[in-house]
Amino acid sequence: MSGPVYDIAIIGAGIVGCAIARRFAIDGARVILLEKAHDVLDGASKGNSAILHTGFDAPPGTLELDCIRDGRAEYLAIHQRMNLPLDACGALVLAWTEDEEAALPALMAQARANGVTDVEALDKAALLAAEPQLSPHVRAGFRVPGEALIDPWSAAHAYLYQAIAHGAELRCRAELTGAERHADHWSLATTAGPIEAGLVVNAAGLWGDHVDKILTGNARFDIRPRKGQFVVFDKPAASLARHILLPVPTKTTKGVVVCRTVFGNLLVGPTAEEQPDRDIAALVPETLERLRETGARILPALAGHEVTAAYAGLRPATEEKGYRIDADLSLGRITVGGIRSTGLSAALGIARHLGQLCGITPAEPKHWPDMPPLSQDVTRDWQTAGHGGIVCHCELVTSREIEAALTAPAPAHSLAGLKRRTRVTMGRCQGFGCMAALARLTDGRFTQPMTCGDGDAD
Amino acid sequence: MQTDVAIIGAGPAGLAAAAELGRLGAGRVVVIERDAVPGGIPRHCGHSPFGMREFRRIMGGSAYAARLAHEARAAGAEILCSMSATALFDGPLLELSGPEGRFMLDARCVLLATGTRESSRIQRMIGGTKPGGVMPTGALQGIVHLNHQIPFRRPVILGTELVSFSALLTCRQAGARPAAMIEAGPAILARAPAALLPRVMGVPVHLDTRIAAIHGRDRVAGVTLDTPRGMTDLDCDGVVLTGAFRSEAALLAAAGAPRDAGTSGPVIDSFGRCFAPGYFAAGNLLRPVETAGACWAEGKRAARAIHAFLGGALPDPASAHPVQIASDAIRYALPQLLLAPGPGSHDQLQLRVSRPVRGMLQLRQGETILASRHINARPERRVMLPLPAHALNGPLILTIEDST
């Protein structure tokens, strides 16, 4: 028994794996994308702050910076063709202490050195004019006009759907269990059967070190998961912030951000907590309470607003700060490790970089997916004719949108996957109003069902 | 599209109002219901006794819901199902969205009867992971009673309100065996006979206990309980978050309407008026949470006020006097704004206390005591104070002369 021979097998269908699959499929390679979970975006890509960064604070002269800049440029160039949102709201970096204020000039110089030349220093009065709800305790800051808000899941799904339109295959519940290198190709053992491919790309995120060890036989780096918790405030709070509000970063973290989402909420996070577990990101009530307080220190009016949801993500950090990208083309292997918080911004740039490593000239896409409009500043499906009825009343998700997600090029295989594709159950009621309808509509359609079978009720 | 009265929500309050408005000859009455079938929460309550007050007989939830809808339709009301109200505007004007798309409904008057929902996990600040199998009773009962599906085999049930025991029975009907009931307080909140159910069903009840964390990646694998004897882990495959009801007031919040922090619902006057001219509210939207029968009675009452409003017979809302609560033992009091009695006005102040309290409840205007009664109240019981039948003038103060 043997699978077809692929040019390239990508391990891990997170944002990075999806972007790489897109690049190589557009460029004419036979691509297979392997994901161990029931659905894509189930690891590090499931929770982040949904910001498209400029790289203004990235380490100068690094591959990470190059990938962020290239990735951002490509997103800006293609997002409209795929109906992906962009809220070009800009960011304010805010200093709250004397020390932070003293650090601002160096940060602005770094931004300019990184090619982000449109940063603009703002004094306290200018900050309060730009952001009227900001606490008057702010001391000084600067504006980064290019920072923007995007939809982290629709972007990744769009890359994946475009890859599939160009012939890529996705296989879920396909965990890599072994690998053998032959003269010109790999034999990969997976929980979904054997795969043969010329080139293997390790984009396994939180499991990148494990996969690297399977492919190279060596423990070349360690994933040290860094948890980030977030709280999400209900829609009325979104009017409190115009910009992305960033703190002065420290050596280890960008710090706690306050920003709107393209879905019309307001989020506060993330924390940065090292932990050994790479699968479980637990919410800690005391931490969430502190995040809520942090939010209210930055925007005092936030104190009266309701928290709708909380989530936690894991960043696949390593023992070093930078990206761990290396290629051994003679052995048909590329490792893309240590892609931390900047992965969403950098994914398209990383994919482009891999293409260059392989000597491929980027081709123009022949197919463009038309992503469902989920952001709040466009006409949503519920506002158009024939949507079949609203199922999720908090997030206004229609029956037609759910059916579309269940029949997409890579259909939702779990409630989590359906959430990321449609936003069902993400609102204030957390499923009180729609979970029963969803259990009915998805019956027999998920590989990970919402229920454990039929009952004999009543 | 135009109507005389638009009612948002086809639960007991909305349907009772629709039926009464039909009987009163209030013109065209349209009920907007987001679910596919009218009836509201009672529809998926398979077992509680409904209907004694309304129809003089004991009925199951779904039969009761069907009867309410039948009465409304028989009185001439139209019920639009699978239809969501998505925004409220001055006018009154409603933005609606149904299977065919979005449209506007111009109404002379609107009754908001959107009811209540249970608090979500984040509102209860439960830590841990976010696996599948964590749900409120509302979702559980829909899955079991409407879909005939089983969401889990061995859940824990958080809460000991009446609805918590309803969740317990629903689990049993689905063939699931709850591992435990969890109550943060020192005693079961619901009264007998419901409170006897766990013993009958062999389900342990943990008092003075919180769920500190939920475990499991994709499905619930267990919970950590914070008990008086310390932290302990319990195996289970689901968590039912029962009760801790709050008003389903999202439409009002989005419209910027004044809300009462104590009730989580709208601020209303004696006639149930709220938000903007022509808007009324009734039922569990007003406060969490009373019985279907109490909501039904409020709906009927609101219908009489609406009928009077359409005839130009209600007093100027600007003449209302706010009730100032001057006791920290009083969580809320409804209506928040009082006027002299009239058609369809609330004739009693309804309130809840925040802690067990005994004493003399008084509504005062200056030095004059307008209404008073001795109470021995607990947080889980409603307290009613009959309102005076005469005109009011000047600020109103509600206190409890504590005797505990």
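How many disulfides does the structure hold over all chains? The count is 0, where a disulfide is a pair of cysteine sulfur atoms within 2.5 Å.

This is a predicted model, so local features need pLDDT of at least 70 and side-chain atom pairs count only at pLDDT 80 or more, while totals for chains, interfaces and linings use all residues. Residues are numbered from 1 along each chain as its sequence is written, chains are lettered from A and ligands numbered from 1 in the order in which they are written, and side-chain values use heavy atoms, with hydrogens and water left out.

View 1. Start with A:Cys434, which is in no disulfide. The nearest cysteine sulfur belongs to A:Cys392, 4.4 Å away. A:Cys434 has 2% relative accessibility and counts as buried (buried is under 20% relative accessible area, exposed over 50%, partly exposed in between, using a 1.4 Å probe and protein chains only). Now turn to B:Cys171: the closest cysteine sulfur is in A:Cys452, and at 11 Å that is too far for a bond. B:Cys171 is buried too, at 1% relative accessibility.

View 2. You'll find B:Ser345 in the loop between strand E21 (337-338) and strand E22 (348-353) of chain B. Helices (H or I, at least four residues) and strands (E, at least two) are DSSP runs, numbered from the N terminus. B:Ser345 is buried, with a relative accessible area of 6%. Setting aside neighbours within four places in sequence, B:Ser345 is in contact with B:Ser270, B:Phe271 and B:Arg301 (contact means heavy atoms within 4.5 Å).

**View 3. An edge-to-face pair in chain B.** Over all chains there are 7 aromatic pairs. One of them is B:Phe280 with B:Phe309, edge-to-face at 5.5 Å centre to centre and 75° between the planes. This pair links distant parts of the chain, 29 residues apart: B:Phe280 is in strand E18 (residues 279-281) and B:Phe309 in helix H8 (residues 292-310). Rings of Phe, Tyr and Trp (its six-membered ring) pair if their centres lie within 6.5 Å; planes under 30 degrees apart are stacked, over 60 edge-to-face, and the rest tilted. B:Phe280 is buried at 0% relative accessible area, whereas B:Phe309 is partly exposed at 27%.

View 4. B:Phe50, B:Phe55 and B:Tyr64 make up one aromatic cluster. B:Arg67 lies over the face of B:Phe55, 4.2 Å from the ring centre. In chain A, the charged end of A:Arg423 sits over the ring of A:Phe263, 3.7 Å from its centre. A charge sits over a ring if NZ of Lys or CZ of Arg is within 6 Å of the ring centre and within 35 degrees of the ring normal.
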